[in-house]
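Subject: Structure for your review

Dear colleague,

Please find below the structure that I am handing over to you.

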Amino acid sequence: MTRLHIGRSSNPEVPAAAAEAARGALENAVQPALAVVLATEGYPPEALAEAVGAELGNILWVGCSSAAVIAGTSLLHEGLVIGLIDAPDALVGIGVAGP
């Protein structure tokens, strides 16, 4: 069965926000396949990528930032949301292109 677990944080400190959001997303996960990371623009991108990567370990993830993020019925103007797809039979790959 495929499940989606969501963790979020409104902590302004990058390491703490990444830890809190990842902990919430990973809490009941059995076989994490892919994490989708949504962050507001206030977090420095390089620091956020490093902190999220450290928290998620070898779980593949993709992400983006915007002026605000939505998690359930909450609109966060400052925050981080991690949605974790938990699926025992999922096969995931990520391709990256850029200038």
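Helices (H or I, at least four residues) and strands (E, at least two) are DSSP runs, numbered from the N terminus. This is a predicted model, in which local features need pLDDT of at least 70 and side-chain atom pairs count only at pLDDT 80 or more, while totals for chains, interfaces and linings use all residues. Residues are numbered from 1 along each chain as its sequence is written, and side-chain values use heavy atoms, with hydrogens and water left out.

Val 92 lies in the segment after S6. Because its relative accessibility is 35%, Val 92 counts as partly exposed (buried is under 20% relative accessible area, exposed over 50%, partly exposed in between, with a 1.4 Å probe and protein chains only). Leaving aside neighbours within four places in sequence, Val 92 is in contact with Ala 33, Leu 34 and Leu 60 (contact means heavy atoms within 4.5 Å). Between Val 92 and Gln 31 there are 12 Å in space, C-alpha to C-alpha, and the two are 61 residues apart in sequence.

Strand S6 itself is largely enclosed by the rest of the structure, because six of its seven residues are buried. S6 pairs with S1 in the antiparallel sense over seven bridges, where pairing requires that DSSP finds at least two bridges between two strands. Within S6, Leu 84 is the bridge partner of His 5. Strand S2 (residues 32-40) also runs antiparallel to S6 and is joined to it by seven bridges; here Val 81 of S6 is the bridge partner of Leu 38.

Helix H1 (residues 14-26) has 13 residues and reaches 18 Å from its first C-alpha to its last, close to the expected 18 Å (1.5 Å times one less than its number of residues). Its buried residues include Val 14, Ala 17 and Ala 25, and the buried residues of H1 pack against strand S1 (3-9), helix H2 (45-56) and strand S6 (80-86).

The axes of H1 and H2 come within 9 Å and cross at roughly 35 degrees (axes are lines fitted to C-alpha atoms, for helices over the stretch in contact, and angles run from 0 to 180 degrees between N-to-C directions). Among the residues that meet there are Ala 18 and Leu 26 in H1, and Leu 48 and Glu 55 in H2.

Yours sincerely
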